[in-house]
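Trainee: Can you walk me through this one? I'm new to reading models.
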Amino acid sequence: MPGRAEGGAVERYRHRLAFLAAALAFLPTPVFAHASDRGHVLLLPTGYYIAGGALAVAVSFLVLALLPAAALGNFWRRRLPLFAFSDTPRIVVSLISFAGFALLVAAGLSGSRDPLSNPLPLVIWTLLWAGFTLLQGMLGDLWAWLNPWYGPWRVVSRLVGDRWSEAQPSHLPLRLGYWPAFVLFFAFTWFELIDPAPDDPARLALAAGLYWLASLVAMLIFGYDPWSKRGEFLTVFFAMVARFAPVERLDGRLSLCWPGAKLLAGDPLPLSGTAFLLLALSSVSFDGLSKTFFWLSLFGVNPLEYPGRTALVGIGSFGLVLTLVLLAAVFALAAFLGQRLAGDAQSFAKAAGLLVWSIVPIALAYHVAHYLAVLLVDGQYALVALSDPFALGWNLFGTANRMVEAGVVAGAESAWWLWNLQAGVIIAGHVLAVLVAHGLAWRLHPQPSRAALSQLPLTLLMIAYTMFGLWLLATPTAG
């Protein structure tokens, strides 16, 4: 991720630092690294960006505190009806998605061993995790149609009769909440961020294939809806992200709404759901933090002699857990102090479970900012690899011989606009989070003064996290 250096010595050492960053980027490592393990040093006056971002979030809070609740409520309720469509093609779309997934797994097992030539790691880490998350936040719950389980589950259900039909009651205990999804999501983030070789095609193919099979079995045992909504972590994650999208589907009819409007209608999440959303933010935050000079120096690791992921498994595992625990503790403290300031009788569990929906815009913004450079470069590699998935000299889509333009994120001009776009996304995400949090606060505290007071600690947390996010974009990284 981009870094900074300020002061009078910037011009003197600009060329030396640029040369050092370029040299580090080409140092060999003993293991594969997932798609976001790329960084460069960027020399910009980031102190102004950090101060400006914090000021923007603070001003948004002050403006919202002065606005009448009725006016903002009318703003959120506006809808623009579009058109209606049925769910009939959903089975076909899901079956096609499953067929594509099966081909990707086969390519992972028998195709090129190079993660930048094999389509499986590029599709999973770049197109699905980095790119599709953005589409969910922009266009709504596309994953409900594209996920590779619904079609096969419907086919199996029809073959065996009513035993596994959608009408059957759930066998997944309600007391489990979202904990199955949380555990699987944590395992996924550990594999992505800590495992020494998440990009290895054969290793990834085995993990993805076993996970698909285990999820299908769980859907047959517990029911499709219960497991997909509380157990299958990708579906849970994408559904939560889709709540931010300005596209709403209700009773088969599409309509447009303001970004984040659907978050205001969310029910308070249980502890497990709150933990799941906080993990979504803490994991991408730790991904950026784990490669900073600051983090590595805490454990005596020389960032200029990056030892590779294998040597940092213990440190990374500790950091992943620590980041989640710290974020959860600070969020809980902000929610608790907000309730005390408001002087209301609302329970802490209800307040925290409702206000955590305001984390979604921040998590989505961090996701986009963190993976933007990866998407722009590795997305091109994916187009090349998909044309020749088994490294047999094919050119299925006419892109096998396409030249990858890495210059889209390199050079002074590209780095400038990339940094500004990333910084803008992070600041906008926090401003929208403040806006959503105020709407949620009015559900808890109908009196405007109490609602504003209850949001003061959470707003301070968002200001601090804005500064932290911009610092992550700006500080030098290794690996």
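Trainee: What kind of model is it, and where does the numbering start?

Mentor: This is a predicted model, where local features need pLDDT of at least 70, side-chain atom pairs count only at pLDDT 80 or more, and totals for chains, interfaces and linings use all residues. Residues are numbered from 1 along each chain as its sequence is written, and side-chain values use heavy atoms, with hydrogens and water left out.

Trainee: OK, salt bridges. How many are there in the whole structure?

Mentor: The search finds three. A salt bridge here is a side-chain nitrogen of Lys or Arg within 4 Å of a carboxyl oxygen of Asp or Glu. Side chains of opposite charge can pair when their charged atoms come close.

Trainee: Which residue does Glu248 pair with?

Mentor: Arg79. Their closest N and O atoms are 2.7 Å apart.

Trainee: How do you define helices and strands?

Mentor: They are DSSP runs, numbered from the N terminus: helices are H or I with at least four residues, strands are E with at least two.

Trainee: Is Glu248 buried or exposed?

Mentor: Glu248 is buried, because its relative accessible area is 17%. Buried means under 20%, exposed means over 50%, and partly exposed is in between, using a 1.4 Å probe and protein chains only. Arg79 has 34%, so Arg79 is partly exposed.

Trainee: Which side chain does Asp195 meet?

Mentor: Arg203, in a salt bridge of 2.7 Å, N to O. Asp195 is buried at 4%. Arg203 is partly exposed at 40%.

Trainee: And which one does Lys291 meet?

Mentor: Asp287, also in a salt bridge, at 2.7 Å from N to O. Lys291 counts as buried because its relative accessibility is 7%. Asp287 is buried too, at 2%.

Trainee: New topic: holes. How many cavities does the search find?

Mentor: Eight, counting those of 30 Å³ or more. The search uses a 1 Å grid over the protein atoms alone, and a cavity is a set of points where a 1.4 Å probe fits but cannot get out. A pocket is an open set with protein on both sides within 12 Å along at least five of seven lines. Lining residues have an atom within 4 Å of a point. Grid points are joined across faces, edges and corners, and a volume is the space filled by probe spheres set on the points.

Trainee: How much space is in the second largest cavity?

Mentor: About 150 Å³. It is lined by 18 residues, and Trp129, Phe237, Ala280, Ala363 and His367 lie nearest its centre. The elements giving two or more residues to this lining are α5 (119-139), α8 (179-193), α11, α12 (271-289) and α16 (359-387).

Trainee: What classes are in that lining?

Mentor: There are 13 nonpolar, three polar and two charged residues. Ala, Val, Leu, Ile, Met, Phe, Trp, Tyr, Cys and Pro count as nonpolar, Asp, Glu, Lys and Arg as charged, and the others, Gly among them, as polar.

Trainee: Last one. Where is Gly108?

Mentor: Gly108 lies in helix α4 (residues 90-110). At 0% relative accessibility, Gly108 is buried. Its C-alpha atom is 6.6 Å from that of Asn118, which is 10 residues away along the chain.
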